[in-house]
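Here is a short note for a reader opening this structure for the first time. Please keep the view beside the text.

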Amino acid sequence: MIGLSNFTPLAFGRETPVQNRDERTVLRIEHEWLRALVERDHATLERILADDFIDSTWKGELRTKSQVLEGLSKPLPYSQHLQNIKIKVYGSMALARGLNEISDKNGRIVTRIRFTDILLYRHGNWEAVAAQETPVSPR
């Protein structure tokens with residue numbers, strides 16, 4: 001068994017290396033998540049969102065992982081930028097809170113969304129299990 005612990009992800013056929021259980025890793029995932037939404041990156045979202053993921057949107061609708069992935073076929077007419085992200089790790093759970101500024105093609109902020117994301121550490125990786133979005137007035 002010597003050395004097996006160093007290669008556990010490979011022993012079980014996982015392609016994704018084990019992620020750290022720290023705030024920096026969760027922050028990186030938050031930025032990857034937004035990039036994947038903007039760039040319509042199905043594979044990255046498939047990896048980040050847990051199969052039991054539920055998003056409570058700014059419109060008050062609930063969306064599952066499959067509904068989020070289905071929505072990738074529609075192009076985005078705006079850009080997004082994350083701000084003021086605060087991460088807190090509680091063992092195998094992480095809470096991410098922040099602000100997503102959404103701008104039109106001219107760079108004018110059209111809305112700001114306050115968000116809270118919950119990620120669980122499962123099988124060596126962080127997975128988003130829930131998201132809550134609330135609109136706030138533009139500055």
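Which residue in S6 does Arg 114 stand opposite? Arg 114 stands opposite Thr 134. The points below start from there.

1. **Ground rules.** This is a predicted model, in which local features need pLDDT of at least 70, side-chain atom pairs count only at pLDDT 80 or more, and totals for chains, interfaces and linings use all residues. Residues are numbered from 1 along each chain as its sequence is written, and side-chain values use heavy atoms, with hydrogens and water left out.

2. **Overall layout.** The protein chain has four helices and six strands. Both kinds of element are DSSP runs, numbered from the N terminus: helices are H or I with at least four residues, strands are E with at least two. From the N terminus on, the order is α-α-α-β-β-α-β-β-β-β.

3. **Strands S5 and S6.** Strand S5 covers residues 109-122. S5 and S6 run antiparallel and are joined by 11 bridges. Two strands pair if DSSP finds at least two bridges between them. The hairpin of S5 and S6 has two residues between the strands. In that hairpin, His 123 takes a positive phi near 55°.

4. **Strands S1 and S6.** S6 (residues 125-136) also pairs with S1 (residues 49-56). These two run parallel, with four bridges between them. Asp 55 stands opposite Ala 131 in S6.

5. **Burial and surface.** Of the 139 residues in the protein chain, 37% count as buried. Buried means under 20% relative accessible area, exposed means over 50%, and partly exposed is in between (1.4 Å probe, protein chains only). The accessible surface of the chain comes to about 8700 Å². Carbon and sulfur atoms hold 54% of that surface. The areas come from the Shrake-Rupley method with a 1.4 Å probe; for residues, only the protein chains shown count as cover.

6. **The nonpolar core.** The largest nonpolar core has 23 residues. Such a core is a set of buried Ala, Val, Leu, Ile, Met, Phe, Trp, Tyr and Cys residues joined through side-chain atoms within 4.5 Å. Trp 33, Leu 45 and Trp 126 are among the residues with the most contacts inside this core. The elements that give two or more residues to this core include H2, H3, S1, S5 and S6. H2 gives the largest share, five residues.

7. Leaving aside neighbours within four places in sequence, Trp 33 is in contact with residues including Leu 45, Leu 49, Phe 53 and Ala 128. Contact means heavy atoms within 4.5 Å. In the protein chain, residues 24 or more positions apart account for 50% of the contacts with a separation of 6 or more.

8. **Salt bridges.** The count comes to 11 salt bridges. Each is a side-chain nitrogen of Lys or Arg within 4 Å of a carboxyl oxygen of Asp or Glu. Glu 32 and Arg 47 form one of them, at 3.1 Å from N to O. Glu 32 lies in H2 (residues 23-39) and Arg 47 in H3 (residues 42-48), so the pair ties together parts that are 15 residues apart in sequence. Glu 32 is buried at 17% relative accessible area, while Arg 47 is partly exposed at 33%.

9. **Further charged pairs.** Arg 35 meets Asp 41 in a salt bridge at 3.0 Å, N to O. Arg 35 is partly exposed at 30% relative accessibility. Arg 122 meets Glu 127 at 3.1 Å, N to O. Arg 122 is partly exposed at 25%, and so is Glu 127 at 21%. Salt bridges that share partners also join Arg 28, Glu 32 and Arg 47 into one network.

10. **Asn 100.** Asn 100 lies in strand S4 (residues 93-103). Is Asn 100 buried or exposed? Asn 100 is buried, with a relative accessible area of 10%. The side chain of Asn 100 makes a polar contact with the side chain of Gln 80 at 2.6 Å. A polar contact is a pair of N or O atoms within 3.5 Å; within protein, one must be able to donate a hydrogen and the other to accept it, and residues adjacent in sequence count only if both atoms are side-chain atoms.

11. **Ile 113.** Ile 113 is found in S5 and is buried at 5% relative accessibility. Ile 113 and Leu 82 are 31 residues apart in sequence and 9.5 Å apart in space, C-alpha to C-alpha. The contacts of Ile 113, leaving aside neighbours within four places in sequence, include Trp 58, Asn 100 and Thr 134.
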